[in-house]
Amino acid sequence: QIRSQLLPLGAMAADLGVRPPDLRSEAELGRIPYVRVGQHGMLFDRELVRRLLAERATQTTLEEDRHGR
């Protein structure tokens, strides 16, 4: 059984090493999944977000290699 750890915005941003406003913007643009809590709160699935970002980084690197960058 996999157990997810849901983190609030500030904790998730700290975990990723980014500023909370930047993480909020990415989430609101639909680039990072989150769960809305109340009117302004956000919770992030730590493992899911880390996995998605790792996959994107790998994909970006592969695309750059294909284009000779």
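Reply: Glu26 is partly exposed, with a relative accessible area of 27%, where partly exposed lies between buried (under 20% relative accessible area) and exposed (over 50%), with a 1.4 Å probe and protein chains only. This is a predicted model, in which local features need pLDDT of at least 70 and side-chain atom pairs count only at pLDDT 80 or more, while totals for chains, interfaces and linings use all residues. Residues are numbered from 1 along each chain as its sequence is written, and side-chain values use heavy atoms, with hydrogens and water left out.

The side chain of Glu26 meets that of Arg31 in a salt bridge, at 3.0 Å from N to O; the term stands for a side-chain nitrogen of Lys or Arg within 4 Å of a carboxyl oxygen of Asp or Glu. Arg31 is partly exposed as well, at 42% relative accessibility. Side chains of opposite charge can pair when their charged atoms come close. Another such pair is that of Glu28 and Arg24, with 3.8 Å from N to O, and both of these residues lie in helix H2, 4 residues apart, or about one turn of the helix. Helices (H or I, at least four residues) and strands (E, at least two) are DSSP runs, numbered from the N terminus. Glu28 has a relative accessible area of 47% and is partly exposed, and Arg24, at 27%, falls in the partly exposed class too.

Ile32 in turn belongs to the largest nonpolar core, whose 10 residues are Leu7, Leu9, Met12, Ala13, Leu23, Ala27, Ile32, Met42, Phe44 and Val49. Such a core is a set of buried Ala, Val, Leu, Ile, Met, Phe, Trp, Tyr and Cys residues joined through side-chain atoms within 4.5 Å. Two or more residues of this core come from each of helix H1 (9-16), H2 and E3, and H1 gives the most, with 3 residues.

Phe44, a member of this core, is buried with a relative accessible area of 0%. A search of the whole structure finds 1 aromatic pair, and Phe44 forms it with Tyr34 in a tilted arrangement, 6.1 Å centre to centre and 40 degrees between the planes. Rings of Phe, Tyr and Trp (its six-membered ring) pair if their centres lie within 6.5 Å, and planes under 30 degrees apart count as stacked, over 60 as edge-to-face and the rest as tilted. Because Tyr34 lies in the loop between helix H2 (20-28) and strand E2 (35-37) and Phe44 in strand E3 (residues 41-45), the pair ties together parts that are 10 residues apart in sequence. Tyr34 itself counts as partly exposed, at 29% relative accessibility.

As for the charged pairs elsewhere, the structure holds 6 salt bridges. One of them joins Glu47 to Arg46, with the closest N and O atoms 2.7 Å apart, and salt bridges that share partners join Asp15, Arg46, Glu47 and Arg50 into one network.

The protein chain has 3 helices and 3 strands, in the order β-α-α-β-β-α from the N terminus on, and 16% of its 69 residues count as buried.
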